[in-house]
Amino acid sequence: MPSFTQDEATHYDSRIERLVPGYQLLHELVQAQLQTVLPAEAQILIVGAGTGKEVLQLAHSNPHWTFIVQDVSDDMLAIADQNFTNLGLSERVTIHSGPLEPGQYQADVALCLLVMHFVPDNGAKLELLESIHSNLKPGKSLLMADLMKPETLFERESQLKHCRAIGLTEVGEERMRYNLEHEFYPLDRIRLAELLDESGFSSAHMFFKALGFSGLTCVRQ
Ligand SMILES: C[S@@+](CC[C@H](N)C(=O)[O-])C[C@H]1O[C@@H](n2cnc3c(N)ncnc32)[C@H](O)[C@@H]1O
């Protein structure tokens with residue numbers, strides 16, 4: 001997995017839109033769904049929040065929503081913290097560095113966007129899903145987005161072509177080509193369904209698809 005420290009953290013915001021087709025749309029579709037399903041007062045758990053994009057996208061949808069912003073990279077969280085300060089959002093945000101404790105929070109919804117594909121399927125993906133499960137109220141939703149196993153022989157190559165078209169450099173393309181092969185742990189739909197079932201979530205419904213990237217929502221049982 002990329003380290004998400006130092007330069008990788010500093011340059012994250014300027015790079016991510018060229019690496020994930022539909023990155024902005026994905027966040028807008030999450031926003032639309034939360035505006036539809038959440039009450040006026042709600043606590044939103046953001047797992048792997050990085051530099052805080054989810055909060056920046058959602059904070060103005062409802063002034064009473066509060067956020068738990070969790071990540072394992074202190075460098076990403078430092079940028080998020082600065083962003084929240086600049087926008088006067090700090091009072092609505094709890095920053096959580098490191099893994100979640102079981103049952104530490106009782107969130108009304110959980111987001112885990114572009115995170116789980118970096119976690120190996122050696123027990124660690126299951127552990128991550130279980131930790132989200134135990135910090136979410138029963139009956140509430142998890143919205144996630146991940147790179148999935150390719151469903152056609154030309155999907156990955158097409159993704160790289162699209163990334164070039166939206167501004168990725170040749171060097172960036174080569175790095176991404178390597179990363180797609182070596183730094184991600186994508187699931188297929190069947191394995192994802194098994195992990196969701198094992199960790200206590202319902203089966204998933206897709207709300208977003210941009211070549212390899214899928215956005216999915218499921219419910220904590
Ligand atoms: C591609 S960024 C996504 C950030 C943000 N969700 C977004 O949509 O821009 C992935 C983030 O996941 C974090 N991460 C990786 N493994 C994690 C884990 N096991 N638990 C929590 N965060 C993790 C990384 O530190 C990084 O900040």
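This is a predicted model: local features need pLDDT of at least 70, side-chain atom pairs count only at pLDDT 80 or more; totals for chains, interfaces and linings use all residues.
**Exercise 1.** Determine which parts of the chain the salt bridge between D108 and K137 links, and whether each partner is buried or partly exposed.

*Solution.* 
Step 1. The side chains of D108 and K137 form a salt bridge with an N to O distance of 2.7 Å.
Step 2. D108 belongs to strand β4 (residues 107-113) and K137 to strand β5 (residues 136-147); the two are 29 residues apart, and the pair links distant parts of the chain.
Step 3. Buried means under 20% relative accessible area. D108 has a relative accessibility of 12%, so D108 is buried.
Step 4. K137, in contrast, has a relative accessible area of 28% and is partly exposed.

**Exercise 2.** State where D121 and R191 lie, and how many residues apart in sequence they are.

*Solution.* 
Step 1. A salt bridge joins D121 to R191, with 2.7 Å between the closest N and O atoms.
Step 2. D121 is in the loop between β4 and α6 (124-133), whereas R191 is in helix α9 (residues 189-198); the pair therefore ties together parts that are 70 residues apart in sequence.
Step 3. D121 is partly exposed at 33%, and R191 is partly exposed at 26%.

**Exercise 3.** Describe the largest pocket by its volume, its lining and the classes of its lining residues.

*Solution.* 
Step 1. The largest pocket holds about 1200 Å³ of space.
Step 2. Its lining comprises 48 residues, and those nearest the centre are M1, P2, F4, L114 and F118.
Step 3. Among the elements that each supply at least two lining residues are α2 (12-19), α3 (23-37) and β2 (66-71).
Step 4. By class, the lining of the largest pocket has 25 nonpolar, 13 polar and ten charged residues.

**Exercise 4.** Identify the element that gives the largest share of the lining of the second largest pocket.

*Solution.* 
Step 1. The second largest pocket contains about 160 Å³ of space.
Step 2. It is lined by 13 residues, with R189, L192, A193, A204 and L216 closest to its centre.
Step 3. Two or more lining residues come from each of α9, β6 (205-210) and β7 (213-219).
Step 4. The largest share, four residues, is that of α9.

Methods
Residues are numbered from 1 along each chain as its sequence is written. Side-chain values use heavy atoms; hydrogens and water are left out. A salt bridge is a side-chain nitrogen of Lys or Arg within 4 Å of a carboxyl oxygen of Asp or Glu. Buried means under 20% relative accessible area, exposed over 50%, partly exposed in between (1.4 Å probe, protein chains only). On a 1 Å grid over the protein atoms alone, a cavity is a set of points where a 1.4 Å probe fits but cannot get out, and a pocket is an open set with protein on both sides within 12 Å along at least five of seven lines; lining residues have an atom within 4 Å of a point. Grid points are joined across faces, edges and corners, and a volume is the space filled by probe spheres set on the points. Ala, Val, Leu, Ile, Met, Phe, Trp, Tyr, Cys and Pro count as nonpolar, Asp, Glu, Lys and Arg as charged, and the others, Gly among them, as polar.
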